[in-house]
Amino acid sequence: MITIHHLRISQSERIVWLMEELGLEYDLKLYNRDPETRLAPPELKALHPMEIAPVITDSDLVLGESGAIMDYIVGKYAPDTDLVPSPDHPDFARHLYWYHFANATLMTNGMMSIAVGAVGAEMPPPLAKRITNAWAHIETALGEADYFGGSALTTADVMLGFSLTTARAFNDMSIDHMPHLKAYLQRIGARDAYQRAMAKAEPGFPPKLD
């Protein structure tokens, strides 16, 4: 059985949500951040050379990286799931784009912001524009379809969820000017699988859905 090693308030919540959407059994091990460094504790770091979450174990396998973990779980345990459109589905390309946008663009932007802030610098205009463009792109996309993957929820939504919700707890970013995103987050928050996932992964931490 898969064990999800989840660092509290981190992107590994994605994997818990995925398992709940798929209805698969799993074990969940929660790790609290080091109170001084706010990073992963030693017992989680010992699992993987990168010393970060997410990490899953499945028998003798130890696997990191959100995208790799999702592809592994779907490919091995849920190959027929509707959460991944088939190549002949009209939403296939859209799903792929947003699935990869989550880490290649949005998470990268977030890490750049954290790095710049950590050294007390101001965001260079080209990087600030990249961040502004990404959030505007998200708002436009959600005005065109109910979900990032198109007409129905896909793993693209699961990948993007952390950056759109929990990650905003670190910077108090307002989305009041983004009505499509706000409506989308209400749809996500109403899902039973999402509610179960967040209750298990982040007990006592209400999802940031507005």
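S10 is buried, because its relative accessibility is 6% (buried means under 20% relative accessible area, exposed over 50%, partly exposed in between, with a 1.4 Å probe and protein chains only). This is a predicted model, so local features need pLDDT of at least 70 and side-chain atom pairs count only at pLDDT 80 or more, while totals for chains, interfaces and linings use all residues. Residues are numbered from 1 along each chain as its sequence is written, and side-chain values use heavy atoms, with hydrogens and water left out.

**Around S10**

- You'll find S10 in the loop between β1 (2-7) and α1 (13-22); helices (H or I, at least four residues) and strands (E, at least two) are DSSP runs, numbered from the N terminus.
- Set aside the neighbours within four places in sequence, and S10 is in contact with R33, A53, F162 and E202 (contact means heavy atoms within 4.5 Å).

**The sheet**

- Strands of a sheet pair through backbone hydrogen bonds, either parallel or antiparallel.
- Here, four strands make an open sheet with mixed pairing, in the order β2-β1-β3-β4 (two strands pair if DSSP finds at least two bridges between them).
- Its edge strands, β2 (27-31) and β4 (61-64), each pair on one side only.
- From one strand to the next, the twist averages 20°.
- β1 and β2 run parallel to each other and share five bridges, and H5 sits opposite K29 in β2.
- Helix α1 lies across β1, β2 and β3 (55-58), at about 140° to β1 (axes are lines fitted to C-alpha atoms, for helices over the stretch in contact, and angles run from 0 to 180 degrees between N-to-C directions).

**The largest pocket**

- The largest pocket holds about 1,200 Å³ of space. On a 1 Å grid over the protein atoms alone, a pocket is an open set of points with protein on both sides within 12 Å along at least five of seven lines, a cavity is a set where a 1.4 Å probe fits but cannot get out, and lining residues have an atom within 4 Å of a point.
- For volumes, grid points are joined across faces, edges and corners, and the space filled by probe spheres set on the points is what counts.
- There are 37 residues lining the largest pocket, and the closest to its centre are Q11, M107, M111, I114 and F162.
- α4 (92-118), α5 (125-144) and α6 (155-164) each give at least two residues to this lining, with the largest share, nine residues, coming from α4.
- Sorted by class, the lining has 19 nonpolar, 12 polar and six charged residues (Ala, Val, Leu, Ile, Met, Phe, Trp, Tyr, Cys and Pro count as nonpolar, Asp, Glu, Lys and Arg as charged, and the others, Gly among them, as polar).

**M107**

- M107 belongs to helix α4, and it counts as buried because its relative accessibility is 13%.
- Leaving out neighbours within four places in sequence, M107 is in contact with Q11, R14, A102, F162 and S163.
- M107 and F162 are 55 residues apart along the chain, and their C-alpha atoms are separated by 9.3 Å.

**The cavity**

- Searching the whole structure turns up one cavity of 30 Å³ or more.
- Lining the largest cavity are E13, R14, W17, V158, G161, F162, Y194 and M198, and α1, α6 and α8 (192-201) are the elements that give two or more residues each.

**D192**

- D192 is in helix α8, and it counts as exposed because its relative accessibility is 54%.
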